[in-house]
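Thanks for coming. I will go through one model today, starting at the DNA and ending inside the protein.

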Number of protein chains: 2
Amino acid sequence: MAAAGETRQDGRVTALTRRERLRAELERDAKAAARRIAAEEGIEGLTLAAVARGVGVTPPALYRYFNGRAGLIRAIYDDITAEFIDTVDRAARRQDPDDVSAQLHAATQAVLDWSLANKVEFDLLMGAGFAKIAESEESIPVIIARELGGLFGQLFARLWNEGRLTCPADEEIDPVLAAQLRTYRSEVGLEFPIGVVFLMVVCWRQIYGLLCMAVYGHHKFAFDDLQPLFEHMIDDLLGLLGLKRSPNLRLR
Amino acid sequence: MAAAGETRQDGRVTALTRRERLRAELERDAKAAARRIAAEEGIEGLTLAAVARGVGVTPPALYRYFNGRAGLIRAIYDDITAEFIDTVDRAARRQDPDDVSAQLHAATQAVLDWSLANKVEFDLLMGAGFAKIAESEESIPVIIARELGGLFGQLFARLWNEGRLTCPADEEIDPVLAAQLRTYRSEVGLEFPIGVVFLMVVCWRQIYGLLCMAVYGHHKFAFDDLQPLFEHMIDDLLGLLGLKRSPNLRLR
DNA sequence: TTAAAAGAGTGAATACCATTAACCATGTGT
DNA sequence: ACACATGGTTAATGGTATTCACTCTTTTAA
């Protein structure tokens with residue numbers, strides 16, 4: 001019976017005790033159930049009771065795994081962030097490493113596609129759901145900005161280093177805005193002039209607008225498919241960076 | 001006691017019976033309480049029980065006034081829409097009637113200011129809250145777009161009629177996008193070429209992005225005050241329309 | 001090997017909430 | 001004065017989060 005002596009000092013294989021394995025499984029299943037329910041019913045329909053039913057356990061049991069409903073949401077928030085960043089990162093890496101235009105294009109398209117395919121998750125990461133999580137936690141606000149900003153920032157850095165960007169000089173930027181850009185730069189860990197940071201923010205502001213239009217759909221009555229508007233936007237933005245649409249774009 | 005014979009055939013003064021007056025008052029108070037609670041607690045904290053407490057009545061009584069919680073939210077949605085449009089409209093009308101630049105600028109600033117001062121309401125009108133209401137109701141999706149689109153559309157119409165706009169010709173626009181623009185134009189009731197409609201949508205996409213950044217605050221860690229970014233944006237957008245910032249702008 | 005400790009689940013209890021139904025008081029109009 | 005519509009009540013149902021006390025099992029240590 002007690003033949004389960006897997007736990008070795010050298011953590012070679014099956015270094016997990018039975019309890020740890022079951023715990024990991026239930027935690028994984030609970031988060032999966034939570035995401036499925038949230039996607040189907042919306043975030044307000046995500047109840048501990050429903051998750052408990054989904055994994056065949058009573059609601060109080062979930063308190064051994066998450067800090068209540070808020071803790072569960074926070075837990076899937078972290079998963080979703082990782083998944084989102086990974087998706088966008090993969091889309092960029094699928095391009096020719098020297099084709100920055102294609103990488104920017106593909107990454108942006110991936111952001112739109114993921115957001116449309118995961119509306120509830122988008123709301124949690126970058127919409128109203130974010131605000132609720134952010135007010136209770138301290139470290140949250142920077143996560144998504146740092147990860148996504150870092151990803152796009154690498155591409156902007158390459159453009160800057162190649163001398164292909166035209167952007168305002170430090171002195172031309174309004175002092176208040178300049179201070180904000182410096183804060184952003186240091187939080188995200190970027191290493192180019194704030195004029196380039198300004199370009200990033202201008203691009204993001206436009207992308208984000210299209211994203212919210214797509215996800216929240218208050219113009220859905222006319223713009224059911226936002227791809228045409230996206231095509232125009234991406235050309236605009238690439239132009240702003242002195243680029244043209246790459247002929248070698250690979251969208252999976 | 002029954003001396004309340006106000007109801008005349010000619011509805012001159014006090015054409016309201018006692019019951020009607022009390023009903024109107026409670027409905028008004030309930031909606032006011034609901035908006036106060038929503039602003040303080042967030043939309044998910046808006047419960048019928050809390051509203052009932054606020055107006056000194058038991059929860060079931062509110063069912064005589066609203067179709068449950070969803071009906072109450074729908075009711076304040078209509079109020080909020082009217083208030084929002086009125087606010088923006090006033091800001092535009094406060095300008096010189098011939099100064100279209102100032103009117104556009106002031107209206108846009110008013111949109112930002114109102115959104116920041118009424119984040120929960122913004123979410124209801126143009127964010128995640130909208131999507132939830134829209135899926136149950138049919139007429140909803142067009143309300144805010146028609147009202148706001150009509151308001152800005154008037155100004156774009158003047159610019160177009162004065163021949164000051166440069167925009168793509170009908171043939172230059174991607175057919176799918178053109179169809180969407182025509183749908184939008186007819187729903188909102190605009191009367192200029194779809195190239196001008198395209199300009200409107202491009203502007204709105206950018207404004208909306210800044211709004212969502214401001215309201216949902218996922219860049220708040222660096223851009224606490226979005227006014228500097230707004231200033232840049234408004235110059236960009238006015239430039240896109242062949243305008244310059246008006247020296248006669250009046251922001252209340 | 002065996003006993004203590006830690007962990008993970010349960011059921012019961014509390015306290016909210018929405019919603020419906022039955023019922024009662026009162027204002028309204030004939 | 002009387003019938004009726006209106007607007008409120010209480011009670012009941014069923015859903016939710018959360019805490020607590022308790023039990024069973026696994027793990028760990030003597």
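**The DNA side, the dimer contact and the core**

By class, the surface near DNA strand D has 12 nonpolar, five polar and six charged residues. Please keep in mind that this is a predicted model. In total, 23 residues surround DNA strand D, and the closest are A:Thr17, A:Arg18, A:Thr47, A:Gly68 and B:Thr58. Which elements give two or more residues to that surface? From chain A they are helix H1 (18–41), helix H2 (48–55) and helix H3 (68–93), and from chain B helix H1 (18–41).

DNA strand C is surrounded by 24 residues, the closest being A:Thr58, B:Thr17, B:Arg18, B:Thr47 and B:Gly68. Two or more residues each come from H1 of chain A and from H1, helix H2 (48–55) and helix H3 (68–93) of chain B. Sorted by class, the surface near DNA strand C has 13 nonpolar, five polar and six charged residues.

Next, chain A as a whole. Chain A has 10 helices and zero strands. Its C-alpha atoms fill a box of roughly 70 × 50 × 40 Å along the principal axes. Of the 252 residues in chain A, 37% are buried. Among contacts in chain A with a separation of 6 or more, 61% are between residues 24 or more positions apart.

On to the contact between the protein chains. Here 39 residues of chain A are in contact with 39 residues of chain B. On the chain A side, the elements giving two or more residues are helix H5 (119–126), helix H6 (128–136), helix H7 (140–161), helix H8 (175–188), helix H9 (194–216) and helix H10 (227–240). Which of these gives the most? H9(A) does, with nine residues. The chain A side divides into 23 nonpolar, nine polar and seven charged residues.

Let me turn to one helix pair in chain B. The axes of helix H9 (residues 194–216) and helix H10 (residues 227–240) of chain B come within 11 Å and cross at roughly 180 degrees. H9(B) is therefore roughly antiparallel to H10(B). From H9(B), the contact is made by B:Leu199, B:Cys203, B:Gln206 and B:Leu210. H10(B) contributes B:Leu229, B:Phe230, B:Met233, B:Leu237 and B:Leu240. By class, this contact of H9(B) with H10(B) has eight nonpolar residues, one polar residue and no charged residues.

That brings me to the interior. In soluble globular proteins, nonpolar side chains tend to be buried together. In this model, the largest nonpolar core has 143 residues. Those touching the most other members are A:Ala107, A:Val197, A:Leu199, A:Met200, B:Ala107, B:Val197 and B:Met200. Leaving out residues up to four places away in sequence, A:Ala107 touches A:Val88, A:Ala91, A:Ala92, A:Leu151 and A:Phe152.

One last residue. A:Gln103 lies in helix H4 (residues 100–117) of chain A. Is A:Gln103 buried or exposed? A:Gln103 counts as buried because 24 other C-beta atoms lie within 10 Å, where the cut-off is 20 or more. Apart from neighbours within four places in sequence, A:Gln103 is in contact with A:Ala92, A:Gln95 and A:Leu155. A:Ala92 is also one of the residues that A:Ala107 touches. Finally, A:Gln103 and A:Phe156 are 53 residues apart in sequence and 11 Å apart in space, C-alpha to C-alpha.

Methods:
Residues numbered from 1 in each chain as written. Chains lettered and ligands numbered in written order. Predicted model: local features only at pLDDT ≥ 70, side-chain atom pairs only at ≥ 80, totals over all residues. Near = placed C-beta within 6 Å. Helix = DSSP H or I, 4+ residues; strand = E, 2+ residues; numbered from the N terminus. Nonpolar A, V, L, I, M, F, W, Y, C, P; charged D, E, K, R; others polar. Axes fitted to C-alpha atoms, helices over the stretch in contact; angles between N-to-C directions. Parallel < 35°, antiparallel > 145°, perpendicular 65-115°, else oblique. Contact = placed C-beta atoms within 7 Å. Buried ≥ 20, exposed ≤ 12 C-beta atoms within 10 Å, placed from the backbone. Core = buried A, V, L, I, M, F, W, Y, C linked by C-beta atoms within 7 Å.
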